Amino acid sequence: MPVFSRLTAALCACAAIGLMAPALSVAGELAPNKTHAVLNVTYTNYDDVPQAKKKLVFQGQKKPKNKITVVTDMYGEAAFMIPREDSYTVLCESLTGPFECGTTPYVSLTASTGGVTVLFDDTRAELTGVNFKVGSAELIPNSLKTLDNAIAGLKRNAKAKVEIEGHTSSEGSDSFNQKLSEDRANSVMEYMISKGISKDRVTAVGYGSSRPKEDNATEAGRKANRRIEIRVVNPDEVNAKSE
């Protein structure tokens with residue numbers, strides 16, 4: 001099964017934001033006040049290895065100006081004060097730019113102290129927001145912001161080489177889906193090259209419908225399966241940077 005950025009069930013069941021839980025040790029001297037709760041974060045990869053010195057951004061969904069940036073410690077942990085009465089989109093810093101990697105539960109008016117566990121592979125991510133015209137490899141203009149973020153990440157990590165992976169739903173014939181996935185991956189690759197990424201740093205491959213992320217029996221599943229992923233092929237040679 002492919003690795004994707006996400007929160008594990010959004011949070012650990014024992015540490016829900018809405019619970020009046022005692023402060024965890026990582027919170028140190030932090031204590032909830034009239035307007036803010038304390039959020040403890042544990043950040044690991046899919047092998048349960050702590051992600052030390054990595055940047056996470058929490059951005060309010062109702063109030064986007066509430067944007068909090070934290071850097072994990074040597075144990076992959078962080079604690080900070082988070083404004084109540086909002087849910088937060090989490091952005092993880094990868095080798096190819098910041099990507100949405102989950103959403104916190106709603107921080108209620110009575111929230112005290114809670115925690116979330118973030119699972120993310122910083123060498124691989126789905127390019128959420130990259131879309132194409134129906135049945136076509138032509139990029140929709142609103143896709144370019146996500147691609148430009150990935151390109152900026154690649155420029156910061158000049159040694160990183162990536163593979164662009166195209167995936168489709170199961171609608172249509174296997175041959176059609178295979179070609180469509182290849183064409184879409186190539187469109188993304190060509191856009192990156194046009195924006196200054198060297199040809200020797202990026203390749204494209206299509207997998208058709210052979211690697212579904214969700215059940216193709218539902219429209220929501222089919223929509224999730226139509227996607228572009230980016231994978232760093234030389235992770236041992238590069239490190240994600242927190243800026």
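The largest pocket holds about 410 Å³ of space. A pocket here is an open set of points on a 1 Å grid over the protein atoms alone, where a 1.4 Å probe fits, with protein on both sides within 12 Å along at least five of seven lines; lining residues have an atom within 4 Å of a point. The volume is the space filled by probe spheres set on the points, which are joined across faces, edges and corners. The model is a predicted one, in which local features need pLDDT of at least 70 and side-chain atom pairs count only at pLDDT 80 or more, while totals for chains, interfaces and linings use all residues. Side-chain values use heavy atoms, without hydrogens and water, and residues are numbered from 1 along each chain as its sequence is written.

The largest pocket is lined by 19 residues, of which Val130, Asn131, Lys223, Arg226 and Arg227 are the closest to its centre. Strand 10 (162–167), helix 3 (219–225) and strand 12 (227–232) each give two or more residues to this lining, and helix 3 contributes the most, with three. Helices (H or I, at least four residues) and strands (E, at least two) are DSSP runs, numbered from the N terminus.

Strands 9 and 12 are antiparallel over three bridges, and alanine 125 has isoleucine 230 in strand 12 as its bridge partner. Contact means heavy atoms within 4.5 Å; axes are lines fitted to C-alpha atoms, for helices over the stretch in contact, and angles run from 0 to 180 degrees between N-to-C directions.

Another open sheet has four strands in the order 4-3-6-7, paired antiparallel. Its edges are strand 4 (67–71) and strand 7 (97–103). Helix 1 (residues 144–156) packs on the sheet, touching strands 6 and 7.

The structure's one disulfide joins cysteine 92 to cysteine 101, with S to S 2.0 Å; the criterion is a pair of cysteine sulfur atoms within 2.5 Å.

Note on methods: Pairing = 2+ DSSP bridges.
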